Amino acid sequence: MSSVQVSERPALPEKRQLTTKPRFSDKVFRGVVTGGGLSSLLILGMIFIFLLYQGFSILHSQGLHFITTSDWNAAVDDNNVPIPSQSHFGIAAMLIGTLVCATIAVAIAVPISVFTALFLTFYAPSSVKKIMVTLVDLMAAFPSILYGLWGFFVLMPSAVYWAKLLNKFFGWIPFFSMQAPVFDRSPFVAGVVLSIMIIPIVTSIAREIFGQTPLDRIQAAYALGSTRWGMIRAVAFPYARSGIVGGAMLGLGRAMGETVAVYTVLNIVYQINWHVLLGAGGNVASMILMKFGEATPLEIKALMAAGLILFLVTLIVNSLADVIVSKSGKSGR
Amino acid sequence: MTDESENPEMETHVQPSSLAGIASAAEAKKAPGSSALGVGLEARNIHAWFGDKLALRDVSLDFWAGTVTALIGPSGCGKSTFIRTLNRMHEFIPTAAMAGEVLLNGTDIYAPGVDVTQIRLKVGMVFQKPNPFPSMTIAENVLAGLKLANLKVENKDDLLQECLERAGLWNEVKDRLNAHGGSLSGGQQQRLCIARSLAVRPQVLLMDEPCSALDPGSTLKVEETISHLSSSMTIIIVTHNMQQAARVSDYTAFFLSDGGPGELVEVGHTNEIFSRPKDTRTENYVTGRFG
């Protein structure tokens, strides 16, 4: 041993390539799951290409004005033939309206969902839990037009009351100030309806993740004389934080894409409006629905372009969410 | 979630004489006269169920303040179930039920109107698997109990140092108190968990196989910690390692189940249990004839 000198030791061998001969059944299964995985990507890609193909000419002719201005004017001559040179399309108000409504929805839905999930995970007796989980999941399957109609006939009158209260006590905050006393069909009302629509998905994700809180940590907290609230704060929240952010972002995505319910309760106006209580808002998806029926071929292309922008904005928001989730860290996990 | 998960390699077959030798050496260090501090905890006719299954029948045991009591016995004999009834952790299992009384300072901890969080502050617990809070630093972990129970202390730094010193961890972590608890080794994590339970100043410390996930070196450190702590509090330790019981405990209680509910077979001074057990079943177990 001692006679071997360091300098005489042979060079390190090449690293071997580690392979295995896959069995036939494994190859087949691999093909099936890969196909499944790729097909969703393929469908998404085809939608993207379709929107890009349809909307490109408008995006090209309007340029950045498409997302920075708010006019929507599909000029036609006397024979109802579109005049591209005099037409002007801009969706700034719609984009901002979409983000405003979705943000309101998330701001309302996330606390409610988190509390619901905490109740179901840590407080509810198992019989209550079973019933409530079924009901909340059922909420996710409701057709959105029902939410819209309910929002229009039932929620709006009370939401208008809340909006007046908000305006009265928080009117000094620019978002809650009013130029005219028009409280109906405001972004606030749309946001409330949207929040109810996204509560099931956010609740469901939060409940899943709270339910996975490691039992040994829960017991450690209780064994230290912790109250249930103390345990939730010290153990369950740190563990679930990134998952809840992810759930909220999924809800945000859904809120941004929701069409019919918003169309029912929102007054769509082609002007950027930051006053969330005022009955004038915008929403890309609802605008597409509103215009689609009587649109000229040129206008349809503009609607496709609007759809493309919504697609991209949703993609950006979701990517941001991923970044936030990975930044907010796994330290609690 | 049920009480037993074994690591049988620690249960070696040892002659009774050698265990008794360890036990008497341990007792020489600290005579049982320290029980003059009085009874720390009294269990009266404890029964425990999981659903309809009776897991523990009629266990009555006194635990003297300032002593270490080891609970030994084969898997499924109910010793972990029993220890979890002593700080009301048993009731976290959904179908769990119990009967009997546990008296802490003469008051039944199961009496109506008792605040269970107050009980767990006085009766701390260290678990089989080290479970520091991973989102917290070492210092935050030690002081977590104060925050969780809304307790106020005047000087947190002093308390932090005191608890880590008592747990035998201070010298190893004093330069990295702001590192995360998960960055420690398993044995250090377990001593961190001990320090964490000490910070709320419990009268009684329950230890449920605290060394079964640790290597021999860490086990030794934890055992030293137990010896240091035992003068100031009541310690009850569940262990599968009979040498450990012999090394650290003043009293040993032997639990056994004959397929039905677990029962207390015998309790006595540790050296007597290992050298002159009264019950042949105890003798068979401590001499390694089964278990």
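## Helix α6 of chain A

α6(A) bends by about 40° at I198(A). A proline, P200(A), follows within four residues of that bend. The model is predicted. The helix covers residues 187-211 of chain A. At 1.5 Å a residue, its 25 residues should span 36 Å. The end C-alpha atoms lie 34 Å apart, which agrees. α6(A) is also mostly covered, with 20 of its 25 residues buried.

I196(A) is found in this helix. Is I196(A) buried or exposed? Its relative accessibility is 19%, and buried means under 20%, so I196(A) counts as buried. Leaving out residues up to four places away in sequence, I196(A) touches M139(A), Y147(A) and W150(A). T121(A) is 75 residues from I196(A) along the chain, and the two C-alpha atoms are separated by 20 Å.

## Helix α5 of chain A

How far apart are the end C-alpha atoms of helix α5 of chain A? This helix, residues 144-170, spans only 31 Å between them. A straight helix of 27 residues would span 39 Å at 1.5 Å a residue. α5(A) bends by about 60° at L155(A). Here too a proline follows within four residues: P157(A).

The buried residues of α5(A) include S144(A), Y147(A), G148(A) and G151(A). L155(A), the residue at the bend, is buried as well.

## How α3 packs in chain A

Two packed helices are described by the angle between their axes and the distance between the axes. Take α3(A) and α6(A) to begin with. Their axes come within 6 Å and cross at roughly 35°. The crossing is right-handed. By class, the contact of α3(A) with α6(A) holds 25 nonpolar, seven polar and one charged residues.

Now take helix α3 (residues 92-123) and helix α8 (residues 228-257) of chain A. Their axes come within 9 Å and cross at roughly 145°. α3(A) passes α8(A) in a right-handed crossing. On the α3(A) side, the contact residues include T98(A), L99(A), A102(A), V106(A), V110(A), V114(A), L118(A) and F122(A). On the α8(A) side they include R228(A), W229(A), I232(A), F237(A), I244(A), A248(A), G251(A) and L252(A). This contact divides into 19 nonpolar, three polar and one charged residues.

## Chain B overall

Chain B has 12 helices and 10 strands. Of its 291 residues, 57% count as buried. Contacts between residues at least 6 apart in sequence were also sorted by separation: in chain B, 72% of them join residues at least 24 apart.

## Positive phi in chain B

Which value does phi take in R88(B)? Phi is near 60°, a positive value in a residue other than glycine. R88(B) sits in the loop between α2 (79-85) and β4 (96-104) of chain B. R88(B) counts as buried because its relative accessibility is 13%, under the 20% cut-off.

R201(B) is not a glycine either, yet its phi is positive, at about 55°. This residue lies in the loop between α8 (186-198) and β7 (204-208) of chain B. With a relative accessible area of 49%, R201(B) is partly exposed.

Key. Residues are numbered from 1 along each chain as its sequence is written. Chains are lettered from A and ligands numbered from 1 in the order in which they are written. This is a predicted model: local features need pLDDT of at least 70, side-chain atom pairs count only at pLDDT 80 or more; totals for chains, interfaces and linings use all residues. Side-chain values use heavy atoms; hydrogens and water are left out. Helices (H or I, at least four residues) and strands (E, at least two) are DSSP runs, numbered from the N terminus. The expected span of a helix is 1.5 Å times one less than its number of residues. The bend at a residue is the angle between axes fitted to the seven residues ending there and the seven starting there. Buried means under 20% relative accessible area, exposed over 50%, partly exposed in between (1.4 Å probe, protein chains only). Axes are lines fitted to C-alpha atoms, for helices over the stretch in contact, and angles run from 0 to 180 degrees between N-to-C directions. A crossing is left-handed if the near helix is turned anticlockwise from the far one by less than a right angle, and right-handed if clockwise. Contact means heavy atoms within 4.5 Å. Ala, Val, Leu, Ile, Met, Phe, Trp, Tyr, Cys and Pro count as nonpolar, Asp, Glu, Lys and Arg as charged, and the others, Gly among them, as polar.
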